[in-house]
Amino acid sequence: MKIEVLPSAAEVAAQGAALFLAEVRANPAIVAALPTGRTPIAMYQKLAAERTAGSFDLSRATVFNLDEVLLPKASPQTFFQFMTRYVWDPLGVPPGHRFIPDAEAADPEEECRRYEAEIAARGGLELAILGIGADGHIAYNLPHQAGARTHVVTLDPATIATLGGGLEGPLRAITMGVETILSAKRILLLATGGSKAEALRRMRDDDPTAAWPCTLFRDHPEIRVIADRAAAAQL
Ligand code: PGA
């Protein structure tokens, strides 16, 4: 796995944006999986600024969220709200090209199957951009809850707390599975901040283990990790 260490989180965001732009220029009809979370916000803001400057166009691209929490869609913690605010509108992804698991699905298991079918119907993922949790989760493949394909997980209290707003459990989520993500031709993982240092070290060094789901992604042939110095502190 290729790891690039940059001095600051701002540079990780800039590099992530530059790599995404290069992908879109190479294939304007790209099908990409995109993350939510604090880490990618600066990258999305940079991309939004580039779009305002007229330097790229996502009108033919298709984006799939890595995951979604099962809350009413109007809740500020849903990734539907995050994507509306930071990605879909600001980056100009057309309405028919925005995919996210339905947070209000009556049958979440059925929704997982439908979501996998949507990805397959668009020819699969060319690119997956990922974050990493302090506990090593990727998308919501949480410790001991990683699955092969899109599946339902139960969020632990620490993960619920990262969503903010004083949310209390129980709370479930839908996430792409390990194989869903590994099926992407290229993977770009962004990691910033000292809280990610242990997970990044284990991702690189530990034997694959369900306790640290990040270890299940390391052997992808085209995975590139971009970390700031704090996240790379244990490497
Ligand atoms: P964060 O989340 O960017 O908010 O740290 C990362 C993740 O959970 O994948």
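**The loop between S6 and S7**

Modeller: His144 sits in the loop that runs between S6 and S7. The model is a predicted one. At His144, phi is near 65°, a positive value in a residue that is not glycine. Most residues other than glycine have a negative phi. His144 counts as exposed because its relative accessible area of 61% is over 50%.

Ala139 is also in the loop between strand S6 (127-130) and strand S7 (151-154). Its phi is positive too, near 50°, and Ala139 is not a glycine. Ala139 is buried, however, because its relative accessible area of 7% is under 20%.

From here, turn to the ligand. The residues around the ligand include Gly131, Ile132, Gly133 and His137, along with Gly37, Arg38, Thr39 and Lys196. A polar side-chain atom of His137 is 2.6 Å from an oxygen atom of the ligand. For Thr39, a polar side-chain atom likewise lies 2.6 Å from a ligand oxygen atom. Arg38 contributes a backbone N or O atom, 2.8 Å from an oxygen atom of the ligand. On its own the ligand has 280 Å² of accessible area, and the protein covers 84% of it. The space that the ligand takes is the largest pocket.

One more backbone feature belongs to another loop. Pro170 is found between helix H5 (157-162) and strand S8 (172-175). The peptide bond joining Gly169 and Pro170 is cis, with omega about 0°. Most peptide bonds are trans.

How values were computed: Residues are numbered from 1 along each chain as its sequence is written. This is a predicted model: local features need pLDDT of at least 70, side-chain atom pairs count only at pLDDT 80 or more; totals for chains, interfaces and linings use all residues. Side-chain values use heavy atoms; hydrogens and water are left out. A residue is near a molecule or strand if one of its heavy atoms lies within 4 Å of it. A polar contact is a pair of N or O atoms within 3.5 Å; within protein, one must be able to donate a hydrogen and the other to accept it, and residues adjacent in sequence count only if both atoms are side-chain atoms. Accessible areas come from the Shrake-Rupley method with a 1.4 Å probe; for residues, only the protein chains shown count as cover. On a 1 Å grid over the protein atoms alone, a cavity is a set of points where a 1.4 Å probe fits but cannot get out, and a pocket is an open set with protein on both sides within 12 Å along at least five of seven lines; lining residues have an atom within 4 Å of a point. A molecule sits in a cavity or pocket if more than half of its atoms lie within 2 Å of its grid points. Helices (H or I, at least four residues) and strands (E, at least two) are DSSP runs, numbered from the N terminus. Buried means under 20% relative accessible area, exposed over 50%, partly exposed in between (1.4 Å probe, protein chains only).
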